[in-house]
Amino acid sequence: MDISEETFIINLGVHIRQLREKKNLSQQDLANDCSIPKSQIARIERAKVNTTVRTLVKIANALQIEPKELLNFSIKQ
């Protein structure tokens with residue numbers, strides 16, 4: 001199955017938001033835990049930025065999950 005980079009990034013952002021909300025964290029809480037700006041979390045969740053692996057690891061650590069779990073989602077086109 002071929003998916004576009006844009007579709008993947010959109011789905012990644014949705015998944016990160018769902019994981020954050022499941023932990024009852026605000027964007028600001030997650031940003032504080034990651035030591036990155038809240039605006040960066042918002043841009044990732046809205047697929048406005050193609051984030052780095054380094055940032056994904058920070059997010060995974062803050063959510064107390066394995067980094068691979070951030071990429072474990074179904075693609076909705």
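**Reading a helix and its neighbours**

Guide: In helix H4 (residues 53-63), the buried residues are Thr 55, Leu 56, Ile 59, Ala 60, Ala 62 and Leu 63. They lie on the same side of H4, because the arc they cover around the axis is only 165 degrees. Buried means under 20% relative accessible area, exposed over 50%, and partly exposed in between, with a 1.4 Å probe and protein chains only; the arc is taken from the directions from the helix axis to the C-beta atoms; helices are DSSP runs (H or I, at least four residues), numbered from the N terminus. This is a predicted model, in which local features need pLDDT of at least 70 and side-chain atom pairs count only at pLDDT 80 or more, while totals for chains, interfaces and linings use all residues. Residues are numbered from 1 along each chain as its sequence is written, and side-chain values use heavy atoms, with hydrogens and water left out.

Visitor: Which residues are exposed on the other side of H4, and what covers the buried ones?

Guide: Val 53, Arg 54 and Asn 61 are exposed on that other side, whereas the cover over the buried residues includes H1, helix H2 (27-34), helix H3 (38-45) and helix H5 (67-70).

Visitor: Is His 15 buried or exposed?

Guide: His 15, placed in helix H1 (residues 5-22), is buried, with a relative accessible area of 12%. Leaving aside residues up to four places away in sequence, His 15 touches Glu 69, Leu 70, Asn 72 and Phe 73, where contact means heavy atoms within 4.5 Å.

Definitions and conventions
Helices (H or I, at least four residues) and strands (E, at least two) are DSSP runs, numbered from the N terminus.
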